Amino acid sequence: MPGTDAARRERRCVLPFEALPSEVRLLRRAVVVQLGQWGVPVACEEAELVVTELATNVIKHVGEGASATLILELKGRRLRVEVHDKSRSLPALRAADCDEECGRGLHMLAAMALDWGAVRTAVGKAVWCEIRPGSEMMCHRVERAVVALENYQTDNGTALEGRPREAAFEESVIELIADLLHWTSARGRDPDDVLDLAQRHFEAEREAA
């Protein structure tokens, strides 16, 4: 179906939050879970740093308890992290002494990001940062696995209502591997040989990433 691959690579998640230190910790955890579900866990550490910096800036410069929104967008080889708040004051890079904390966070974002910026919106501003999710080959493989598991859950009813999605995914992984081993055995192949070959492929690609 035309456009299917592009649609799979474009994902969006909107997370409203209050500018509180406890909320920042929850946001980091939510980002890790979301990226795992999208199949890009290799981006978690960088994304956590970006989210922490952007959310903490809202606390510092807009006010503790202020309403804000975190938006994650995965578009091909870029992950965009965007925080919206109700202040129209735009941040700006400036020279920061090594003992000066204020302004150092933006320098860190600029150094690690593919691109970043800030724009005024109808109700305030948005500060955004784009990072590379990781190895394209590994991301593509994991994305394919996520799509396969989502389809597998739908076909087999594994994702039961009310269950944590991560637990359902783990069960689907086991069931899918078991089905593939049955398929392999039915065609006269040794499942252990296939598992060994798959493991060698995995380790070689992980080292090359």
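Modeller: Helices here are DSSP runs of H or I with at least four residues, strands are DSSP runs of E with at least two, and the numbering starts from the N terminus. The model is predicted: local features need pLDDT of at least 70, side-chain atom pairs count only at pLDDT 80 or more, and totals for chains, interfaces and linings use all residues. Residues are numbered from 1 along each chain as its sequence is written, and side-chain values use heavy atoms, with hydrogens and water left out.

Colleague: How many helices and strands does the protein chain have?

Modeller: Read the elements in order from the N terminus, and they run α-β-α-α-β-β-α-β-β-α-α-α. The count for the protein chain is seven helices and five strands.

Colleague: What percentage of the 209 residues is buried?

Modeller: Buried means under 20% relative accessible area, exposed means over 50%, and partly exposed lies in between (1.4 Å probe, protein chains only). The areas come from the Shrake-Rupley method with a 1.4 Å probe, and for residues only the protein chains shown count as cover. Of the 209 residues in the protein chain, the buried part is 32%.

Colleague: How many bridges join strand β4 to β5?

Modeller: Two strands pair if DSSP finds at least two bridges between them. Strand β4 covers residues 115–120 and runs antiparallel to β5, and the two form a hairpin with four residues between them. One partner pair is tryptophan 116 with cysteine 129 in β5. The number of bridges joining β4 to β5 is six.

Colleague: Which residue in β5 stands opposite glutamate 82?

Modeller: Glutamate 82 is the bridge partner, in β3, of isoleucine 71. In β5, glutamate 82 stands opposite tryptophan 128.

Colleague: Which residue in the hairpin of β2 and β3 takes a positive phi?

Modeller: The hairpin of β2 and β3 has two residues between the strands. The positive phi, near 60°, belongs to glycine 76.

Colleague: How many of the seven residues of strand β5 are buried?

Modeller: In a regular strand the side chains alternate between the two faces of the sheet. On one side of β5, Lys125, Val127, Cys129 and Ile131 are buried, and on the other Ala126, Trp128 and Glu130 are buried. Strand β5 (residues 125–131) is therefore largely enclosed by the rest of the structure, its buried residues being seven of seven.

Colleague: How many residues apart in sequence are the parts tied together by arginine 78 and glutamate 130?

Modeller: A salt bridge is a side-chain nitrogen of Lys or Arg within 4 Å of a carboxyl oxygen of Asp or Glu. Arginine 78 and glutamate 130 form one, with their closest N and O atoms 2.6 Å apart. Arginine 78 is in strand β3 and glutamate 130 in strand β5, so the separation in sequence is 52 residues.

Colleague: Which residues are linked in a network of salt bridges?

Modeller: Glutamate 130 also forms a salt bridge with arginine 80, the closest N and O atoms being 3.1 Å apart. Because glutamate 130 lies in strand β5 and arginine 80 in strand β3, this pair ties together parts 50 residues apart in sequence. Glutamate 130 is buried at 13% relative accessible area, while arginine 80 is partly exposed at 22%. The network consists of Arg78, Arg80, Glu82 and Glu130.

Colleague: Are aspartate 85 and lysine 125 buried or exposed?

Modeller: Their side chains meet in a salt bridge, 3.0 Å from N to O. Aspartate 85 is in strand β3 and lysine 125 in strand β5, 40 residues apart. As for their cover, aspartate 85 and lysine 125 are buried.

Colleague: Which helix gives the most to the nonpolar patch?

Modeller: Patches are made of residues with over 30% relative accessible area and no salt bridge; like charges are joined within 9 Å, and nonpolar side chains (Val, Leu, Ile, Met, Phe, Trp, Tyr) within 5 Å. Val173, Ile174, Ile177 and Leu195 form the nonpolar patch, with about 320 Å² of accessible area together. Leucine 195 belongs to helix α7, whereas isoleucine 177 is in helix α6. With three residues, the helix that gives the most is α6.
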